[in-house]
Amino acid sequence: MSATTALLTDQYELTMLQAALARGTATRRSVFEVFARRLPGGRRYGVVGGTGRFLDALETFRFDDDALDFLRQGGIVDGPTLEWLAGYRFTGDVWGYGEGEAYFPNSPLLIVEASFAEAVVLETLALSVLNFDSAIATAASRMTTAAGERPCIEMGSRRAHERAAVAAARAAYIAGFSTTSNLEAGRSYGVPTAGTSAHSFTLLHDTERDAFTAQVDSLGKGTTLLVDTYDVEEAVRLGVEIAGPELGAVRLDSGDLLPQAKEVRALLDSLGARDTRIVVTSDLDEHAIAALAAAPVDAYGVGTQLVTGAGSPTAGMVYKLVARTDDNGAMVSVEKKSAGKVSHGGRKYALRRRNARGVAEAEVIGVGHEPVDDGDDRRLLVPLVRDGETVGREPLAAARERHERARAELPRTALKLSRGEPAIPTRWEDR
């Protein structure tokens, strides 16, 4: 199987290409834009995720011999189109919001400018990456907001497609998660990894004492013991007996976590294990994390709810043509008029309007021109690709830091977990 990303594509992109090549319109300079008409789930802000993955995928977007043979044998496109695809290289420009940035309805998150032929075939690739990663990053941001200073551990790999699990771990790290259980995310993206044992390890041994002893002997006294396989109180006592007060942590994965955490904390303290941390798991989402704010919990492990976007598994982004040249070579705005799916034509520019205290007040979008900076605003679009060459690649730590700054400048209403309107309005500045 080839390593190309070119067939991560819907067929209609190639049939549109074929018709445009035949008509002579495929070379028209075009501007495509990725945006979301609304924020899913009544959320108050979104988080851009996947930009780095998209840039990686764009570099391998080549129609190699295997891909061309598949298209030829399936009769999907004609000979001239196959010949054009054989030489495909993206030579255009891409701008976008920096990864980790907050966004709002109609924010121009990605702008692709190239010939129609070069740009149209990127629709599915861009949307599949950005829609998933942004949904996970947004959910993760809400979870880390609810957790405050307590770390969140990503552990949802067993609840997702094997490749989606890696992308989810990456997106979660951008939005503040401290570690992941997924080793491929560690290898590919440098996300810190963590993990100790599951219930099966305890059940493997004849007694819980045997299991805990084996784990402590192998991983050291600082390990985390899973204490809810049988009786929690008995397991906590046993763990401290075996590891001593240096026991790193205990993990609770079932039951009523709030009272249970309080009971376990009191028990640990009475046994002299005051520095032993309590980690809770068990199908947590941002609301469950917030409900545990008063509990003596030290860290949260989040799985299913994170990798499924906590109820919003896609960001609802679309990829639309907003401008293109006409027969005379002049750039003209185009827009969709369909009811409920209206787009706003024209090349966009965006800035985050902030007040004198540095708090965000509005998303200002200029159509065909840069919006006016009133003195304390922040431009949002950064160059990602110039003349086909990637110029916007950055380390994952940069996206993580950007998210922390972007979230910090939002008004306090943005951090509410209840359903509501976007935290700041989107304003248009037309010529």
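In the protein, residues 24 or more positions apart account for 73% of the contacts with a separation of 6 or more, a contact being heavy atoms within 4.5 Å. The model is predicted: local features need pLDDT of at least 70, side-chain atom pairs count only at pLDDT 80 or more, and totals for chains, interfaces and linings use all residues. Residues are numbered from 1 along each chain as its sequence is written, and side-chain values use heavy atoms, without hydrogens and water.

The protein holds 15 helices and 19 strands. These are DSSP runs numbered from the N terminus (helices H or I, at least four residues; strands E, at least two). The C-alpha trace spans about 80 × 60 × 35 Å along its principal axes. Of the 431 residues, 52% are buried, that is, under 20% relative accessible area with a 1.4 Å probe and protein chains only.

Aromatic pairs were examined next. Rings of Phe, Tyr and Trp (its six-membered ring) pair if their centres lie within 6.5 Å; planes under 30 degrees apart count as stacked, over 60 as edge-to-face and the rest as tilted. Phe63 lies in the loop between helix H2 (51-59) and helix H3 (65-73), and Tyr88 in the loop between helix H4 (79-86) and strand S3 (93-97), so the pair ties together parts 25 residues apart in sequence. Phe63 and Tyr88 are both buried. Ring pairs join Phe61, Phe63, Trp84 and Tyr88 in a cluster.

Two arginines sit over tyrosine rings. The criterion is NZ of Lys or CZ of Arg within 6 Å of the ring centre and within 35 degrees of the ring normal. The charged end of Arg170 is 5.2 Å from the ring centre of Tyr189. For Arg347 over Tyr349, the distance is 4.5 Å.

Helix H11 (residues 232-243) packs with helix H12 (residues 257-270) at an angle of about 35°, with axes 10 Å apart. Axes are lines fitted to C-alpha atoms over the stretch in contact, and angles run from 0 to 180 degrees between N-to-C directions. H11 contributes Val232, Glu233, Val236, Arg237 and Val240 to the contact, and H12 contributes Gln260, Val264, Leu267 and Leu268.

Methods:
Buried means under 20% relative accessible area, exposed over 50%, partly exposed in between (1.4 Å probe, protein chains only).
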